[in-house]
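Please find below my note on the model under review. The points are numbered so that each may be checked against the coordinates.

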Amino acid sequence: YIYFISAIPSATMKLNIALFAKLTLVIAQVPAAFAVAHNNGVEKINIDDNNESLRNFPNLEDNINRKLQDGTHVKKPEIRFKESPTATRSLKGDGSVAASVFPSKPADDKEVPAFRGAMEIAALTASINNPVFDSEEISRILPHRYPFLLVDRVIEYEAGKRAVGLKAVTANEPHFTGHFPDRPIMPGVLQVEALAQLAGIVCLKVADDPGAVFFFAGADRIKWKRPVVPGEILVMEVEILRFRRGLAKATGKGYVNGELAIEVGSMTFALAN
């Protein structure tokens, strides 16, 4: 067996054999079998005594393309491995061997998805572009302002009961300068605050008390499931469990890309003028 990684066409090899000695191996009077190395190991080519065929070459596709000349010269056979490099090799009449292995795309690589334009991608967000409450309406309900207004839109709303809202997380929010400088993550307490503000929108709309403010009275059974980072959208859902005499209790969840990011088992608020 003869093992080699790369070779130079015979004409170039004759002129530059010293320069390419490390890259090319040419041996006269080769035995009936030789091997070619590629990125998944070594493949073996068995050639019969008359050098007329290529046989017992494992892992090759059935349609081996080979050209024979005078029964002694295999000229530019083009062989594709199932593992995918493409090999071109020649066996010359004097018994010397030259071969080249050219890497190509592995067979298990996924195809590159087709490019999608802005119009197609924008259509994916059509369902959230007609909010029940936009940012201006939210500012009329909640007393919070930048940088602490953490609900951008309310896209689903059931009066006095529940709501779904969005928080677009952006890199220019001030807390990311310190949390953390090299790996910005939305603080967990701000995720809880965002859920509390969404619950406050539901309660304040029902209270119909201009100027009223909700104060946090407690939060229990909080679980964070994944980090929330700039560029993501936190999709929040809250449900009001009880609201009477200025006290409210709610539960909430937040999702990113369909994955649960935060869960709050219980939030308690107190309404004050």
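Among contacts in the protein between residues at least 6 apart in sequence, what percentage join residues at least 24 apart?

1. Basis of the note. The structure is a predicted model, in which local features need pLDDT of at least 70 and side-chain atom pairs count only at pLDDT 80 or more, while totals for chains, interfaces and linings use all residues. Residues are numbered from 1 along each chain as its sequence is written, and side-chain values use heavy atoms, with hydrogens and water left out.

2. Overall content. The answer to the opening question is 53%; a contact here means heavy atoms within 4.5 Å. The protein has four helices and 14 strands, taken as DSSP runs numbered from the N terminus (helices: H or I, at least four residues; strands: E, at least two). Of the 273 residues in the protein, 36% are buried. Buried means under 20% relative accessible area, exposed over 50%, and partly exposed in between, with a 1.4 Å probe and protein chains only.

3. Strand β13 and its two partners. Strand β13 covers residues 247-256. On one side, strand β12 (residues 233-244) pairs with β13 in the antiparallel sense over nine bridges; two strands are said to pair if DSSP finds at least two bridges between them. In this pairing E237 stands opposite K253. Strand β14 (residues 259-272) is also antiparallel to β13 and is joined to it by nine bridges, with A248 opposite F269.

4. Faces and turns of β13. The covered face of β13 consists of A248, A250, G252, G254 and V256, whereas L247, K249, T251, K253 and Y255 form the uncovered one. The hairpin of β12 and β13 has two residues between the strands, and R245 there takes a positive phi near 55°. Two residues also lie between β13 and β14 in their hairpin, where N257 in the turn has a positive phi of about 55°.

5. The hairpin of β9 and β10. Strand β9 (residues 153-158) pairs with strand β10 (residues 162-168) in the antiparallel sense, over five bridges. R153 stands opposite L166 in β10. Three residues lie between the strands of this hairpin, in which G160 has a positive phi near 75°.

6. Seven salt bridges are found in a search of the whole structure, each defined by a side-chain nitrogen of Lys or Arg within 4 Å of a carboxyl oxygen of Asp or Glu. One of them joins E158 to R162, with the closest N and O atoms 2.7 Å apart. E158 is partly exposed at 31% relative accessible area, and R162 is partly exposed at 41%. Another joins K167 to E173, where the closest N and O atoms are 3.2 Å apart. K167 and E173 are both buried.

7. E137 and R140 form a salt bridge, the closest N and O atoms being 2.8 Å apart. Both residues lie in helix α3 (residues 135-141), three residues apart, about one turn of the helix. E137 is partly exposed, with a relative accessible area of 21%, while R140 is exposed at 59% relative accessibility. A network of salt bridges links E137, R140 and K205.

8. The second largest pocket. Its volume is about 230 Å³. The lining consists of S139, R140, I141, L142, P143, L204, K205, D208, D209, P210, G211 and A212. Elements giving two or more residues to this lining are α3 and α4, and the largest share, three residues, comes from α3. A pocket is an open set of points on a 1 Å grid over the protein atoms alone where a 1.4 Å probe fits, with protein on both sides within 12 Å along at least five of seven lines; lining residues have an atom within 4 Å of a point. Grid points are joined across faces, edges and corners, and the volume is the space filled by probe spheres set on the points.

9. Q191 in helix α4. Q191 lies in helix α4 (residues 188-207). Is Q191 buried or exposed? At 2% relative accessibility, Q191 is buried. The side chain of Q191 reaches the backbone oxygen of M186 at 3.1 Å. Not counting residues up to four places away in sequence, Q191 touches M186, W224, V228, L234, A261 and I262.

Key:
A polar contact is a pair of N or O atoms within 3.5 Å; within protein, one must be able to donate a hydrogen and the other to accept it, and residues adjacent in sequence count only if both atoms are side-chain atoms.
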